[in-house]
Amino acid sequence: MKLVHVFAGICCLLPLGCQSSSRDDRAEIVFWAMGREGEEVAKLMPEFERRNPDITVRVQMIPWQAAHEKLLTSYAGNSLPDMGQLGNTWVPEFQLLNAVENLAPYIEESNTVHPEDFFPGIWDTYVIDSAVCGIPWYVDTRLLFYRKDLLAKAGYADPPTSWEEWFDVSAKLSGQNPERYGMFIPTNNEFQPPIIMGVQKNSSLLKENNTRGDFSGNEFRAALTDFHRFFSNGWAPVKTTQIANVYQPFAEGYFAMYITGPWNINEFQRRLPRELQDKWMTAPLPGPEGKTGVSLAGGSGLVMFRNSRHKEKVWKVIEYLSETDVQLQFYHIATDMPSRVDAWRDSSLANNKYARAFFEQLNHVVATPKIPEWEQIAQKVREYAELVSMDRLTVEEATSALDRDVDQMLEKRRWMIYGK
Amino acid sequence: MGNRSHIRAALFFLAPALIAIGVFFFIPVIAAFVLSFTDFDIYSLANLEYARFTGFKNYTRIFDDPLFWKALKNTLYFLLIGGPLSVAVSLCAALLLNSRLIRFKTFFRLAYFTPVVTTLVAIAVVWRFVYHPRFGLLNYMLSWFGVSPVDWLGDPNWAMPAIILMAVWKNFGYNMIIFIAGLQNIPKELYEAASIDGASWWQQFRSITIPMLAPTTLFISIITMIGYFQLFAEPYVMTQGGPLNSTLSIVYYMYQMGFRWWNMGYSAALAFVLFALILIGSLIQSRIQKKTKIA
Amino acid sequence: MKAMTRIFLYLALVIIAGVTLAPLLWMLSASFMPRGEASVFPPPLIPVTFTLEHYIDLFTRGNLARYLFNSAFLSVCVTIISLVINSMAGYAFAKYRFPGRDSVFKLLVSSMIIPAQVTMLPLFLMLNKMGFINTYMGVIIPGMAGIFGIFLIRQFAASIPDSLIEAARIDGAGDFKIYWSIILPLCKPILITLGIFTFMGTWNDFLWPLIVMTDDSMYTLPVALANLSLEHVQDTELMMAGSVMTVAPVLILFAAVQKYYISGIMAGSVKE
């Protein structure tokens, strides 16, 4: 075979190489969704496509762990999809990059989507510099999941409502023979517990217009000290990596309380043995003073990426997913809590004993600093909290080091706001 | 045969390769070098105005960065324990296979080489499960000897040894082949003469095999070292750098900084520090070998 | 005495073989176990119930055929292209005299010490400007030429007798004809070896395709497998099946050509 033929053959294949996903005659919307949501939302698409025959939606599922870097790499490579699911703490980054479209004009014209329809604390996390960067899709916050029976045995017919009670019941439920704990705090992969405790103690986490860390401030230090007590007093296990699967130990009573999110309502119902189903419950977080403590406003929203060539059609998909009925459908298949308030009036949620605590908590949520560096900062907080939990650093050392690292991360931001 | 057309022909043959290497290797290397003197990051990605020339700031920052030193420590741990271990295992396997007393050499050689050609990601996935504290093969086999289960990938003290073990398992076949070639190049007369003189196997090994293998050993040590400095896929798939950053390697840290947090200037600086380390390591190795040879 | 030594040697060999092959055999075995069967203590060695469900799952829901195609297509393309380009350069370095030849060659060889990771970010940005991110070209382009390949071929081609080339020139053959009809056929052994190296290297490559391919339809097998493993941490048997599918093609290829591959490593190393 002549060399020329080989080259010619390869050149014919090159156009294949230049094409990435698909070409479309009718509009194909590419929608990136993460984790569980990615798997489930595809099921809602056939109905949408039935109502809009000129649009097909291709859902691509991305694991949460790789999602952040994937999104940024795609941004850099100009290959972002038409629309995507973004965790609300990521929205500031993409707004800064000018990657997401301001949806305010679409909202004005819409019959389905109005700001008043959503939880205010949640809606707020998507508004940056008065641009509406995303529409809340599902909400997430963290609250207490606990073993009713174990708490009752310790003298708590009702869940703790203040930190004092929280510490007390944790102490009562922890012991050596057999080894058991009041709380489970996964320091190896969750940043929420120390941050939540920090904001409950009124720490602002960052200061000076979000350009410096405030973790050495008294509020956060106090919170982290209490956080540390769980481990130093044996109220929570220190070696968290051994508990890869939380359901087993919870069922066995290895620990009695766990701060986690709404997806676990379904998981607990699915994975815990039948005898246990009436023995666990959810409750809003205890606050330091005895009222409901605040939690973090989490969840994901739907964003429209600026490079999309089918913006009107993308908006249709977003509207569809924001309809009350569809939000309820999604709740049923993915058990992610709807962001629309009126969806909660539906009996499936209103009468859901587990969901009630969430509704309560959703009225006490705060946003974390809306800056691009937040993700990296949150990971650092987790790292240092873990070190504190293992007594490798004291609270003073950890918070000072944390501030030092965070200040370094924010140096660019400081320069951009003050320096230029 | 005009000299002109001779050179023209040479250029024709060289052009594709040199252009490809020049454009897609050397230019990025130079670009990375320049990038390492800036603070190019996600803000700069949005707007080029937000990139500053920062001189040696990235490099000094690396010096002050405790996470870098952790990554360096981990990488050196991997290298200094895993490297010699890998070379020793390869040498043993090569000696075994080189013995005149055994048959079925091809089968064993193939078996030992199999891990080398397998995809690292696939292997990491399998070994992640082999290391499972409760259901993994390793703890199961250890339990036969009465050893209580170890949380290989979850314990900061055991995570790196676990990765070392896997890396040695994967690579020893490759170096083994090179050792075999080296062993076969040793003239048999030397051994025969030594036997006649009454030397034991161990004495022959020390005075003939080891010195004659010295160039091969040096070669293997250097390429193993270069490869091990670039530890990345194992921590990425198995431990994500944890637990407690005990498996954070330099390349992993570089990847995190560059592609996760988009501190691209800093990441580029890390890359060049890695390059410098590899260079220094190679020089040290050659120097040591030369010294022991003379001694 | 000799018998004792022999027994000892065989014992050592078998134990090492056991340790070497055990994880792979277990991987194969677990891939045929139904969901959850592998997650028990003590770990099962042989599937109680033999099932193909995970393989089926991978091909239907998991889109494995696409990833297989991507890996195969890229490996073949890179191999063919790089063999042509590297052999041309290797031949030129071996058989042509031109000013600076040795210095350029030395420069290339010494730059092999630069770790590839140094280039990744700028290369990413460069290919992005050219529009090659998330395309096959994005993987093919960096693999088109390799210094190691040029080195191997140059060493081999240097041993081809000059007289052959002289004779062909006297007969009136042009430079390209000499390369194509004389040099290449003579280089067959090293080309096969290099081809296998390149094919396997491209197939197993992980970090670069991870960076360049953003759309899941473009993933290669290792990237898809890593994705799968991050998402389905609990589904051991499924991941084992994925690993088997990633490893099997290369293993089969290796078994077929192991003679060349291994002799290639020996040849490339003893030079030092």
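This is a predicted model: local features need pLDDT of at least 70, side-chain atom pairs count only at pLDDT 80 or more; totals for chains, interfaces and linings use all residues.
Residues are numbered from 1 along each chain as its sequence is written, and chains are lettered from A in the order in which they are written.

**View 1. Domain 1 and domain 2 of chain A.** The domain assignment (bounds from an automatic or database assignment) gives domain 1 as 24-140 + 297-351 and domain 2 as 143-296 + 369-419. Their C-alpha centres lie 29 Å apart. The contact (C-beta atoms, placed from the backbone, within 7 Å) takes 14 residues from domain 1 of chain A and 11 residues from domain 2 of chain A.

**View 2. The contact of chain A with chain B.** Here 17 residues of chain A are in contact with 17 residues of chain B. On the chain A side, α4 (64-76), α5, α18 (374-389) and α20 (411-419) each supply at least two residues, and α4(A) gives the most, with 5 residues.

**View 3. The contact of chain C with chain B.** This contact takes 73 residues from chain C and 71 residues from chain B. Helix α1 (residues 2-31) of chain C gives the most to the chain C side, with 16 residues.

Technical notes:
Two residues are in contact if their C-beta atoms, placed from the backbone, lie within 7 Å. Helices (H or I, at least four residues) and strands (E, at least two) are DSSP runs, numbered from the N terminus.
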